[in-house]
Amino acid sequence: MAVLRAIDLHRTFYSAGEALRVLKGVTLALEPAQVAAVLGPSGSGKSTLLHLLAGLERPSSGEVYWLKQPVHALSQEMLAALRAKHLGLVFQQHYLLADLSVHDNVMLPGRISGQLDPERASSLLWQVGLQDRAHYLPNKLSGGERQRVAVARALYNRPALLLADEPTGSLDRHNARAVFQLLVTLARHEGSAVLLVTHDEGLVSDVDERYHLLDGQLVAA
Ligand SMILES: Nc1ncnc2c1ncn2[C@@H]1O[C@H](COP(=O)(O)OP(=O)(O)O)[C@@H](O)[C@H]1O
Ligand SMILES: [Mg+2]
């Protein structure tokens, strides 16, 4: 069964009486543990697509499924519960909580799901090479280190699906490459499927599928 399915997604924004058709029929499926990248220039609709796939926004039409769950048809409460269980999210900004240690930030999804497992958090910090930063506050870390913590946090709940929107977009070239590689390697190790969107074609390696988002539709690259 596909971890993620999108069927004929459309998203149109209206402003000042004008319709902006950003997504014009996006269909895709992601199998368990598959890693896929969606490439497209700024403004092509990548974040819009990711928000629909994460159930953070509703499509104008079309359907999204996580495993068998019809995301487009569920209440916000159901979505939040399912998101906590099945999804990991990484954004361009790390969204770490400033008052919590690195270790507690990684464990944050467990507070929502009721599964606090300090050893799980420690193991992930080892895997992202930050075991000796566990008790730091986020503001003591470099940008690349913060994104590594965000990746560890996103995988804490062993999500079937990791969605990432320009996860290295705030980093310099060297760190962007390192964090990208780490995200893909760690997700593969954990068995999570990944869909990531980025404008940075040069960054994308070691993925199973690549698509371009062109004129509101996905084209296999
Ligand atoms: N809430 C919104 N209201 C109106 N227009 C939007 C909204 N969100 C995004 N857009 C527009 O949709 C287009 C795609 O945006 P976005 O999905 O953020 O692209 P990308 O992530 O590829 O840079 C842009 O032209 C953007 O201005
Ligand atoms: Mg974007």
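1. Conventions. In this predicted model, local features need pLDDT of at least 70, side-chain atom pairs count only at pLDDT 80 or more, and totals for chains, interfaces and linings use all residues. Residues are numbered from 1 along each chain as its sequence is written, chains are lettered from A and ligands numbered from 1 in written order, and side-chain values use heavy atoms, without hydrogens or water.

2. Ligand 1 shell. Residues with a heavy atom within 4 Å count as near. Around ligand 1 these are F13, L20, V22, P41, S42, G43, S44, G45, K46, S47 and T48. The shell has four nonpolar, six polar and one charged residues, with Gly classed as polar.

3. Secondary structure. Strand 2 (18-30) and helix 1 (46-53) each supply at least two shell residues. Helix 1 gives the most, three. Both are DSSP runs (helices H or I, at least four residues; strands E, at least two).

4. Backbone contacts. Polar contacts are N or O pairs within 3.5 Å. A backbone N or O atom of G43 lies 2.7 Å from a ligand 1 oxygen. For S47 the distance is 2.9 Å, and for G45 it is 3.0 Å. Ligand 1 alone exposes 560 Å², and the protein buries 57% of that (Shrake-Rupley, 1.4 Å probe).

5. Charge over ring. The charged end of R5 sits over the Y65 ring, 4.9 Å from its centre (cut-offs: NZ of Lys or CZ of Arg within 6 Å of the centre and within 35 degrees of the ring normal).

Key: Polar contact = N/O pair within 3.5 Å; in protein donor to acceptor, adjacent residues only side chain to side chain.
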